[in-house]
Amino acid sequence: MINRVDVPPFPRAAPQGERQPDVQEKGRDMSGTQSRENSAMLRLALEIGRLGSWERDLVTNEMTASPICRTHLGLPADEPLSFEKLKKLQHPGDVERINQAVTYALATRSDFSIEHRIVRPDGYIGRLLVRGTPIFENGSPVRLVGVTQDVTERERAKEEIKDAQRRQEYLLKLNEQLRDAKDPFAIMEATAQSIGQLLKVDCVGYGEVDDNRDIVLVEREWSKGAISNEGRAYRLREFLHGMIDDSKDGKVLAIADTATDPRTSDATLQSFYSTINARAVLTVPLLKDGQITAILYVTSSMPRSWTKEDLSLVEDVAERTWIAVEKVRAEHDLRETEDRMRMFTEALPGFAYITTTELELLYVNDRSWSAFTGLSLEQALGHGWLSAVHPDDVARLAQEARSDDRDLQAVELRYRAADGTYRWYLARVVAYYDRNGEFKGRIGTSIDIHSLKETEAALRESEERLALAQRAARIGVFDWDVSSGVITWTPEQEQMFGIEVGSFEENYEGWSSRVHPADVAAFEKNFREAVPRGDQELAFAYRIVLPDGSFRHIEGRMVIFYAPDGAPKRIIGVNIDVTKHKQAEHRQQLLIRELHHRVKNTLATVQAIVGSTARTASSIDEFYQGFVGRIVSLARTHNLLTEDLWQKAALEDLIQTELGPYEDGARNRITVEGPHVELPSEAAVPIGMAIHELTTNAAKHGALSTFGGQVEVRWRVEPGEERPVLHFTWTEHGGPRVSTPTRQGFGSRLLQRVLATQLQADVSMDFPEEGLRFAMTLPIPGAPPIFNPDQ
């Protein structure tokens, strides 16, 4: 807001000695005495208000001005003033505005008031408040009269207030920018740009000092409105104007004109400042631990007198910038450290944690912990994590946690997985202390060793099983030190040779004396041929001559280790008693002969089926269907027998094999009920074929041929005089009406003759209208002796 000085109304009468204005135009009628009194009062008022008076003759452009007015214009008090001189003193930027104000006052016959700049002869720019009024005679303007007031100081004060406000606003805005910045370079940019715009200079930069190379590295520089991020390097001595000692004390260096300042008179410095177009320079060094770490510099292409406010501002901003940069970098380093720690701990194949002395959890790698235990980080913090530790291990942990032993400690404990199972972990912990040396807790890791413990247990079991297997399978192991000739046998090896444990002579003769001579010669021949070839492994076989004159067959394999000269150095091998295998080969031959015998019997049965089927069939198709069905039934029975090495088959399996395909989804069509009965092979074959015939008849003509028909098969076993007696019944109902057949087919003959002849069974068949009823009573044959080709 511009303050204006109230000026008394200008007198409308001309000064003494001049003509009076037109009375009609001015509307005034004053006497000479009264005019002189008014003039005296006006001069007094002007002097009191430090107002200068002036007058301009519009006809001749002659001007008169009071001494105070000339002083306002920067002229000596006694120097005359002309209109041309006045126009030269007016600031070029305000001339048009002055002319417009005067023209308007003349046109409207009104007063004018205007504030404008004056360029004084010494170059100093002042500000004047000029007020005036036109004087008219006979309707035409003849003079301009007015007063001046020097408002330079007032405007300077206003500018200083504005500047202070602007600086304060600038610092507040800068604080916001620095507070929100996350990048050191963004802080440098904000600082450089804002200072440059505030101070209206040409260049501002923030550089960091590389003490080793004695240079200033400038990553961000503001220059004439643009930010450069190319990165520049300047010599430290040039930036500090050669005043290293003062800069090391943190002093701000200000140069108003590099061309005249004695501190920059050196030719090298003159060349440097000319290169960067700097006539005025301001540098603020920043110290850390007595060392220059950074420099904030400001340059202007024109000479400039740096004010105290400028120095204070730049120094303040430099300190703020340094603090902000250090803070951001510290936060960045902290985040990087935390990220590295988090990535490291998450990459661990286990848990990493920090606890207090009271086992309160402060930190754990959440991903590994939550994935294994199912507990979230919130649930685990404090004492919550102990719920995942086996109860038997918690008390031991509590006792060890209070120990401030600085040595690394290892303890095994169990953690509960999310599925409720426990796994073994190896915990390695170390005590940690604060800066005062006070014990604060423990830092540790827990690595899963459950598989290792299981492997160790399995290895122990494996070694025990191996020893047991060697004893059970009679596998012997030997270790032959060729250079010394000493041979070490395991107890199983000694037992294999029929000697007492610990009585082996531990030499080659102790082995060769107990082996068939022909096999010793063969072994030595193979060994002599293998060594020159460098064979790593060698298989062998030999016979042991037992005291009763019988032989024990041995097969083995040994691994040969050679010395650098190619000679055998050590031999490790195993011996396996394969006597039973040799005997098995002999038994196999007998089994083959037995197989031939059983095949012949089966072929005889097939031949009988062909003959009987052919006699009862009326067509080729009927023969084919009947023959195939019976052969399939015979094959099924044989399959059941072969599952038990051709010894026996279960009666229920024979029935289910035939009737199973006819059962419906509700399982109410077939009823099979009876105790478990094992039939020997000679009974299983005819009974299986009999069940097949009954099933085939039911499917073609009986209960299984219509919907709703049912078959009930029941049996029981009762004690007999010599052997148990089987009571078997087959009952059909719900099918077509049944009548007694007029002729006897293969099925009937099989049921009545074969069963009676081969198994001494009592067989009956009834044909009531509701369905066939078959009954069989037979003594269950005894199981034949298990086939033993060695007997």
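**Entry 1: Gly420**

I began at Gly420, which sits in the loop between β15 (409-416) and β16 (422-433). I note here that the model is predicted.

The C-alpha atoms of Gly420 and Ala388 are 9.3 Å apart. Along the chain, 32 residues separate Gly420 and Ala388.

I moved on to Arg179. Where does Arg179 lie? I placed Arg179 in helix α6, which covers residues 152-180. Arg179 has a relative accessibility of 52%, so I logged this residue as exposed. The cut-off for that label is over 50%.

**Entry 2: the whole chain**

I then turned to the totals. The chain has 791 residues, and 39% of them count as buried. I recorded 23 helices and 29 strands.

How much accessible surface does the chain have? I noted about 44700 Å². Carbon and sulfur atoms account for 52% of that surface.

Last, I checked contacts by sequence separation. I took the contacts between residues at least 6 apart in sequence. Of these, 53% join residues at least 24 apart.

Note on methods
Residues numbered from 1 in each chain as written. Predicted model: local features only at pLDDT ≥ 70, side-chain atom pairs only at ≥ 80, totals over all residues. Heavy atoms only, no water. Helix = DSSP H or I, 4+ residues; strand = E, 2+ residues; numbered from the N terminus. Buried < 20%, exposed > 50% of the residue type's maximum accessible area, 1.4 Å probe, protein only. Contact = heavy atoms within 4.5 Å. Areas by Shrake-Rupley, 256 points an atom, 1.4 Å probe, with all protein chains shown as cover.
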